[in-house]
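Visitor: Please put the model up. I would like to go through it by question and answer.

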Amino acid sequence: MSLRAAWRWWLSPALIALLLTLYYIDPFIGDWDGLDYTVLSLRGEPSTMALGRLLFIFFNHALWRIARALFQIEPAQAYLIFKYVVVAQSPLVVIACWQLARDLTRSVYAATIAALLVAVSPIFVIYSGQVMTDVPSLLIVTLALILHLRGIRSGRVWVMLLGAALLGAGVNVRETTAFYAPWLAFAPFVCGWRFKAREIFLTLAACAVFLILAFAPFALWYALDVNGYRAAWHGWRESLRAESARHPIGLSNLIPFALYFFALSPMTFVALPAAAWKEWRARKLSPTLLLALVGLFATLLLFFNYSTVINWRYFLTGLPALVPLVASYLMRAQAKLMRSERRAFWSVAAFIIFIAVMCGIYLKPISNEHVLKRAETKNYRARLAPLPPDAVVIA
């Protein structure tokens with residue numbers, strides 16, 4: 001069944017994601033990173049954080065130039081363009097996750113459950129309405145995995161390499177995309193390729209394409225040292241070192257790590273161990289299990305970043321890889337219990353919606369509180385206007 005023919009299955013999760021995003025949308029830029037990205041997008045300069053997020057920044061810069069030319073939008077309103085492009089991408093992420101799960105599980109029921117798990121993820125909903133890199137990176141990762149998997153299975157080398165290239169490009173949106181690199185190395189052989197010279201060469205070629213697209217843009221910008229970028233980047237490194245010292249990594253971090261992982265998607269977190277075990281018992285190392293292990297690997301690597309335990313949004317990294325396995329397991333377990341795939345589907349979907357409603361009831365007051373705090377700064381520019389041009393403001 002093609003994506004177009006299956007619209008009845010993926011449309012509902014996509015609409016749920018969009019409606020939840022619009023309901024919980026932050027009327028302001030969002031996290032402080034969003035302000036950084038907005039200013040840099042206006043200037044057309046990469047971020048000094050990590051590898052610069054060049055693709056994200058320059059894509060937004062192009063949007064700003066077009067909007068400026070066509071509609072004379074003021075710089076102070078530019079963040080609205082960047083924000084609503086992310087909003088528009090949220091249902092696309094859900095649809096892409098549906099397709100990836102459908103390709104892996106070959107079940108529209110499991111694919112729809114997987115898409116629903118993503119659509120109602122509290123972290124996904126909140127960051128679908130902000131000028132942040134999280135949702136755009138998920139879209140690129142999921143599309144890259146779809147292309148790479150289809151290229152492997154069909155034998156179309158160019159499709160496989162295109163998937164690897166897109167995954168590499170995604171590193172320039174958010175660096176945690178690089179954690180999916182093991183998929184490129186192992187997926188061809190798990191999907192049935194033999195350890196022969198041609199297959200090994202093509203696998204290495206895909207990895208090489210990934211590495212070039214992932215790191216060459218930053219390396220070039222760093223080497224050219226545009227606008228003193230090199231010194232600014234080293235300044236970020238010093239700041240990162242100082243922040244890391246303030247938040248040392250230790251065993252005590254396991255508690256907030258587990259809590260944030262749970263908050264990402266409660267059903268995914270709870271069902272993942274059983275789902276992995278059942279899949280291994282039934283099919284050994286299947287593509288679905290391999291992808292889940294790569295997603296888990298990407299999530300566990302976050303533990304070694306000090307900021308993971310003070311910011312929950314990083315846990316979105318592995319979600320598209322985890323939900324196909326969990327959705328397939330939930331459908332099989334419930335179908336065995338209810339002796340009907342259709343009834344199993346509706347019961348699992350209803351339980352996911354119930355948990356989402358409970359999370360929504362809990363999160364709405366917290367969301368409102370954050371918005372009110374930011375609203376206090378709404379007239380900040382007007383308050384600064386009477387100050388003389390040479391005034392010094394001390395925070």
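Visitor: Where is aspartate 225 found?
Guide: This is a predicted model, where local features need pLDDT of at least 70, side-chain atom pairs count only at pLDDT 80 or more, and totals for chains, interfaces and linings use all residues. Residues are numbered from 1 along each chain as its sequence is written, and side-chain values use heavy atoms, with hydrogens and water left out. Helices here are DSSP runs (H or I, at least four residues), numbered from the N terminus. Aspartate 225 is found in the loop between helix 10 (197-224) and helix 11 (229-246).

Visitor: Is aspartate 225 buried, partly exposed or exposed?
Guide: Buried means under 20% relative accessible area, exposed over 50%, and partly exposed in between (1.4 Å probe, protein chains only). The relative accessible area of aspartate 225 is 30%, so the residue is partly exposed.

Visitor: What is the phi of glutamine 72, and where is this residue found?
Guide: Glutamine 72 is not a glycine, yet its phi is positive, at about 55°. Aspartate 225, also not a glycine, has a positive phi of about 55°. Glutamine 72 is exposed, with a relative accessible area of 52%. Its place is the loop between helix 3 (54-71) and helix 4 (78-105).

Visitor: How are helix 9 and helix 14 oriented to each other?
Guide: Axes are lines fitted to C-alpha atoms over the stretch in contact, and angles run from 0 to 180 degrees between N-to-C directions. Helix 9 (residues 181-190) and helix 14 (residues 287-301) pack at about 165°, with axes 10 Å apart. Angles under 35 degrees count as roughly parallel, over 145 as roughly antiparallel, 65 to 115 as roughly perpendicular and the rest as oblique. Helix 9 and helix 14 are therefore roughly antiparallel.

Visitor: Which residue classes make the contact of helix 9 with helix 14?
Guide: Contact means heavy atoms within 4.5 Å. Helix 9 brings Pro182, Trp183, Phe186, Ala187 and Val190, while helix 14 brings Pro287, Leu290, Leu291, Val294 and Phe297. Ala, Val, Leu, Ile, Met, Phe, Trp, Tyr, Cys and Pro count as nonpolar, Asp, Glu, Lys and Arg as charged, and the others, Gly among them, as polar. The contact has no polar and no charged residues, and 10 nonpolar.

Visitor: How do the rings of phenylalanine 261 and phenylalanine 269 pair?
Guide: Rings of Phe, Tyr and Trp (its six-membered ring) pair if their centres lie within 6.5 Å; planes under 30 degrees apart count as stacked, over 60 as edge-to-face and the rest as tilted. The count comes to 22 aromatic pairs. For phenylalanine 261 and phenylalanine 269, the centres are 5.2 Å apart and the planes at 75°, so the pair is edge-to-face.

Visitor: Which residues do ring pairs link into a cluster?
Guide: Phenylalanine 261 is buried at 7% relative accessibility, whereas phenylalanine 269 is partly exposed at 30%. Ring pairs link these into a cluster of Phe257, Tyr260, Phe261, Phe262, Phe269, Phe303, Phe304 and Phe315.

Visitor: What does asparagine 311 touch, not counting residues up to four places away in sequence?
Guide: Asparagine 311 lies in the loop between helix 14 and helix 15 (319-338). At 15% relative accessibility, asparagine 311 counts as buried. Asparagine 311 touches Asp31, Tyr127 and Tyr260.

Visitor: With which residues is serine 265 in contact, leaving aside neighbours within four places in sequence?
Guide: Serine 265 sits in the loop between helix 12 (254-264) and helix 13 (266-283). Its relative accessible area is 4%, so serine 265 is buried. Its contacts are Leu117 and Leu319.

Methods
Helix = DSSP H or I, 4+ residues; strand = E, 2+ residues; numbered from the N terminus.
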